[in-house]
Amino acid sequence: MPGSVTGTISAGLDGTGQGLAAADWAAREALRRGAALRLVHAWVWQPLDVPIAADATTQRHWAEEVLRHAERRVAMAHPGLTVTARLLPEDTVTALVAEAGRADLLVLGSRGHGALVGHLVGSVALHVLRRATAPVVLVREPREADGEDTAAGEVVVGVQDLDADSNGPVLEFAFAAAEARGARLRAVRAWTLPPVLTWGPGSLWLADEAGEMEPLERKQLADAVRPWRDRHPHVDVAEDVGTGSAGQVLLDHTGAACLLVVGRRLPGPHGLRRLGSVAYAALHHAPCPVAVVPHP
């Protein structure tokens, strides 16, 4: 309804099934949030090595058709959704990073999946994720047996950094996503034994003492999550800690997930842009959409 739209969710299209999956997911997310949907496609003319020569006008027509096709598809599925489409005349990564800065959320397609190696993320998506200063969600094209994405399932969030300034944006995003879906939020933290507990003559005795560490880890997780429990009292919250690598422990809890939320530290003084091992593992192996939320 006019006047009821708050915020914008953008979906980046590339003319593939993964791009359409991103548009479909973004449309449903926009409805949950009461937001508008903006479909974008980056295009600049360049000679193509194809059997039939394609001049700038022809290529532009192809690019515009990518947008029109997605716009028709989304409008048919969600008649009440406010949808706009925009051709971005820039390099793809530059255009999508800028779009992430304009929107509340940018949604991109992943690059397929495999039974052994997980979901393979395209280079464009990885470059955008490293540079974006706003949340980005990667969505894979569903296999036929997966059916349509729904709000069913848990929102799973990784909580490794206990500093409130760092985990705040990640937890706020995860709680808001769970609340919008009426879903349970599962906060997960991984921990490992210090090396001194696993090596040396006294290691067996020290390992017994390590049994006291898990309650401490649970308390630290509860303390980190508590402020957001208070802000979102209607969200059902489960808290889990596990031993092992943070990426693997987090992935072990995604069997019932409809969304996985991980953090990515913003570039420091030297401008180093990294995803981090946890985000990288999640993007390549999670069986659900993955939200990467930048934080200080």
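Reader: How many aromatic pairs does a search of the whole structure find?

Author: Rings of Phe, Tyr and Trp (for Trp, the six-membered ring) count as a pair if their centres lie within 6.5 Å; planes under 30 degrees apart are called stacked, over 60 edge-to-face, and the rest tilted. In this structure the search finds zero such pairs. Please note that this is a predicted model, in which local features need pLDDT of at least 70 and side-chain atom pairs count only at pLDDT 80 or more, while totals for chains, interfaces and linings use all residues. Residues are numbered from 1 along each chain as its sequence is written, and side-chain values use heavy atoms, with hydrogens and water left out.

Reader: Which residue lies over the face of Trp 228?

Author: A charge sits over a ring if NZ of Lys or CZ of Arg is within 6 Å of the ring centre and within 35 degrees of the ring normal. Here Arg 231 lies over the face of Trp 228, at 4.7 Å from the ring centre.

Reader: How many helices and strands does the protein chain have?

Author: Helices (H or I, at least four residues) and strands (E, at least two) are DSSP runs, numbered from the N terminus. The protein chain has nine helices and ten strands.

Reader: What share of the residues in the protein chain is buried?

Author: Buried means under 20% relative accessible area, exposed over 50%, and partly exposed in between, with a 1.4 Å probe and protein chains only. Of the 296 residues in the protein chain, 45% are buried. Gly 168, which has its place in helix H5 (residues 164–181), counts as buried because its relative accessibility is 9%.

Reader: How is the span of helix H2 to be read?

Author: The expected span of a helix is 1.5 Å times one less than its number of residues. Helix H2 (residues 56–77) has 22 residues and reaches 32 Å from its first C-alpha to its last, close to the 32 Å expected. Its buried residues are Gln 59, Ala 63, Leu 67, Ala 70 and Val 74. Seen down the axis of H2, these buried residues fall within an arc of 75° (taken from the directions from the helix axis to the C-beta atoms), so they line one face of the helix. The face turned away from that buried side carries the exposed residues Thr 57 and Met 76.

Reader: Against which elements do the buried residues of H2 pack?

Author: Contact means heavy atoms within 4.5 Å. The buried residues of H2 pack against helix H1 (17–33), strand E2 (36–42) and strand E3 (83–88). H1 itself has 17 residues and reaches 24 Å from first C-alpha to last, close to the 24 Å expected. H1 is mostly covered, with 13 of its 17 residues buried. Just after H1, Gly 34 takes a positive phi of about 70°.

Reader: Which residues touch the most other members of the largest nonpolar core?

Author: A nonpolar core is a set of buried Ala, Val, Leu, Ile, Met, Phe, Trp, Tyr and Cys residues joined through side-chain atoms within 4.5 Å. The largest core holds 51 residues, and Leu 37, Leu 185 and Val 261 touch the most other members. H1 gives the largest share of this core, eight residues. Apart from it lies another core, of 36 residues, among them Val 97, Leu 106, Leu 260 and Ala 282.

Reader: Which residues of helix H9 are buried?

Author: They are Ala 279, Ala 281, Ala 282, Leu 283 and His 284. What covers them includes helix H4 (123–131), strand E5 (136–139), helix H8 (246–251), strand E9 (257–265) and strand E10 (290–295). Tyr 280 is also found in H9 (residues 277–285), and it counts as partly exposed because its relative accessibility is 39%.

Reader: Where does Gly 7 lie?

Author: Gly 7 lies in the segment before strand E1 (8–12). At 33% relative accessibility, Gly 7 counts as partly exposed. Not counting residues up to four places away in sequence, Gly 7 touches Ala 35, Ala 36 and Asp 104.
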